Amino acid sequence: MPANTTSPSYFDNFQLNLCAINGLNLRFRFKAANLIIFCLAFWSTSYSQQNKKIELQFNPTFKRQSLALDSIYYHLNQTDSVQFTVLKFYISNISLFADSQLVFREENSFHLIDASLKGSLMLPLSVPQSAFFNTIKFNLGIDSTTNVSGALENDLDPTKGMYWTWQSGYINFKLEGNSNQCKTRKNEFKFHLGGYLAPFEALRKITLPVQHNDSISIDFPLDLFLSKLDLSVENEVMIPGYKAMLIATKAAAEFKSDTP
Amino acid sequence: MKKKTSIIAFILLVITFGFRVNHTPEFPTPKGWPLPQYDFRKNPLDSKKIELGRMLFYDPILSRDSSISCTSCHSQYSAFTHVDHALSHGIDGKIGTRNSPALMNLAWGKSFMWDGAINHLDMQALAPISNTLEMDDNIKNVVFKLQRSAIYSTLFYTAFGVKKIQGAHVLKSLSQFMLTLVSSNSKYDKMKQGAIKFTEAEHRGYLLFQNHCSSCHKEPLFSNYQFENNGLHLDDSLLDIGRMRVTQHAVDSLKFKVPTLRNIEFTSPYMHDGRFQTLNQVLNHYIKGIMPSSTLSGILKNGINLSPNEKADVVAFLLTLSDKEFVFNPQFSYPKSSFQKNLKQAD
């Protein structure tokens with residue numbers, strides 16, 4: 001979809017067309033309005049040629065290496081190691097800024113990043129050709145309005161395993177694995193972070209500097225994230241609450257862009 | 001030139017709308033009722049989706065071993081509750097932790113479950129599907145099973161226009177069927193419309209009810225949809241703290257969602273754990289069984305004072321809330337003909 005830098009003509013056109021069909025009966029007016037939207041969609045595809053594609057790439061890493069799930073054990077220190085089995089999180093409401101000036105906001109911006117699906121790590125953004133930016137903002141998680149909006153499709157579909165079943169709400173961030181540091185069943189740790197009801201909101205807003213470029217690369221170094229946790233005591237968070245909020249803050253703080 | 005454009009426009013119109021014959025049944029908001037809470041714009045009613053939802057509701061395909069359907073715990077003749085079971089029975093005969101509530105007038109619900117843990121009707125079905133004591137499956141596998149079925153993949157295609165079924169489609173069709181479960185044809189409703197008159201006893205019971213009960217069981221839906229502690233003592237074996245499980249806030253301890261009293265004649269046993277068998281027992285609770293606690297509703301601090309005659313009158317009134325048309329409505333029953341028709345087509 002095109003950026004919503006509304007040109008005056010877009011708006012004028014719409015008004016004009018609505019006036020023209022004012023006299024028709026309601027049923028037809030509905031159809032006509034749809035037709036206009038249909039035409040606008042056509043018009044906007046041609047418009048989007050003035051847009052350019054930017055790649056927004058998320059890189060989960062461990063000690064500067066791309067993260068590999070399952071099979072691989074990473075050293076935490078001399079004696080302890082860790083293996084990851086699941087890393088999934090929602091990125092939403094992506095926008096680009098030139099200093100504090102908004103230059104691009106993605107429509108319907110909800111993305112499930114899943115470390116096991118390489119394709120999900122790269123998000124193509126279609127931004128206006130002329131837009132200059134030096135800052136990216138996005139949310140780690142799903143906003144409260146979307147959380148109460150009923151069944152939603154695609155990345156927000158409950159088959160993605162990122163929706164709690166016994167109590168409504170999206171899981172914003174899911175990390176699972178095992179480490180000998182965890183004195184749990186099968187040495188497992190599980191972090192299912194979410195919660196949209198006050199005072200347990202677990203959504204985190206992230207702002208990062210970026211270079212004006214055709215690609216934006218954002219790292220999520222799991223080694224640094226784990227260094228902020230003590231897996232021997234914190235190894236299972238499965239419900240909304242203060243623990244989830246605290247760990248969500250720690251996770252959000254580790255997202256790093258390629259510019260210092 | 002002008003003619004040509006209008007022809008193209010006409011063709012476009014036909015392409016975009018011609019195929020979609022609109023079956024949009026109006027949602028019946030009974031006269032004098034508040035507007036529904038459900039946002040129909042996000043899931044407009046459609047007869048195909050309603051019928052699909054009805055089939056899903058009655059089909060054990062939603063459970064791990066195809067043994068349990070929604071109707072196992074929500075059967076029509078008991079206003080869609082689990083008749084005679086205090087705590088619901090699920091897969092492998094496992095016993096749940098709560099009494100299954102009657103299902104009706106769900107379009108007006110603000111939250112679902114006894115503690116309001118579910119924030120939207122669409123998301124309700126995920127809970128029983130995934131609960132290991134209930135259907136013990138998961139929505140991903142349910143979608144897989146439905147997609148694999150020639151019958152269901154066709155039905156989803158005709159209802160939603162999709163080849164690839166998503167969880168949201170399953171949930172939205174279940175919602176559509178459940179939204180049609182409107183009960184508004186009781187003797188009480190007919191009295192309100194002026195079509196019939198209450199007996200003396202029913203009328204006295206109605207006045208007592210308005211005095212003592214309707215602040216929580218608010219007309220016309222007979223619930224204010226709030227969470228209240230109505231003074232039940234805590235069951236030691238269940239230790240159900242109610243709303244506090246969701247909010248983690250002590251002020252919500254032992255509070256449960258005020259249930260509707262419509263069709264109360266058919267929905268025994270009563271309360272979140274099904275502890276009472278009869279309306280008489282329920283009234284005895286309100287008269288002399290109230291358990292004091294810090295979160296007890298102020299209205300019930302001193303119990304409700306009813307003489308034996310008054311008690312009988314209140315019961316007479318409660319029985320006017322029975323809606324036989326609802327309980328026997330063929331549109332809500334097992335969709336035998338839909339299952340048969342589709343089986344035939346699949347052959």
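Me: What makes the area between chain B and chain A a "buried" area, and how much is there?

Reply: Buried area is the accessible area, found with a 1.4 Å probe, that two parts lose on being put together, summed over both. For chain B and chain A that comes to about 2400 Å², and carbon and sulfur atoms give 63% of it. Keep in mind that this is a predicted model, where local features need pLDDT of at least 70 and side-chain atom pairs count only at pLDDT 80 or more, while totals for chains, interfaces and linings use all residues. Residues are numbered from 1 along each chain as its sequence is written, chains are lettered from A and ligands numbered from 1 in the order written, and side-chain values use heavy atoms, with hydrogens and water left out.

Me: How do you know which residues are in contact, and how many are there in chain B and chain A?

Reply: Contact means heavy atoms within 4.5 Å. By that rule, 28 residues of chain B are in contact with 27 residues of chain A. The chain B side divides into 14 nonpolar, 9 polar and 5 charged residues. Here Ala, Val, Leu, Ile, Met, Phe, Trp, Tyr, Cys and Pro are nonpolar, Asp, Glu, Lys and Arg are charged, and the others, Gly among them, are polar.

Me: Why is the pair Asp115(B) and Arg245(B) called a salt bridge?

Reply: The rule asks for a side-chain nitrogen of Lys or Arg within 4 Å of a carboxyl oxygen of Asp or Glu. The closest N and O atoms of Asp115(B) and Arg245(B) are 3.1 Å apart, so the pair passes. Between domain 1 and domain 2 of chain B the count is 2 salt bridges, whereas the interface of chain B and chain A has 0.

Me: What makes domain 1 and domain 2 the two domains of chain B?

Reply: Their bounds come from an automatic or database domain assignment, which gives domain 1 as 2–182 and domain 2 as 187–325. Their C-alpha centres lie 29 Å apart. Even so, 29 residues of domain 1 of chain B are in contact with 26 residues of domain 2 of chain B.

Me: How do you know how much of chain B is buried?

Reply: A residue counts as buried under 20% relative accessible area, as exposed over 50%, and as partly exposed in between (1.4 Å probe, protein chains only). Of the 347 residues of chain B, 53% count as buried.
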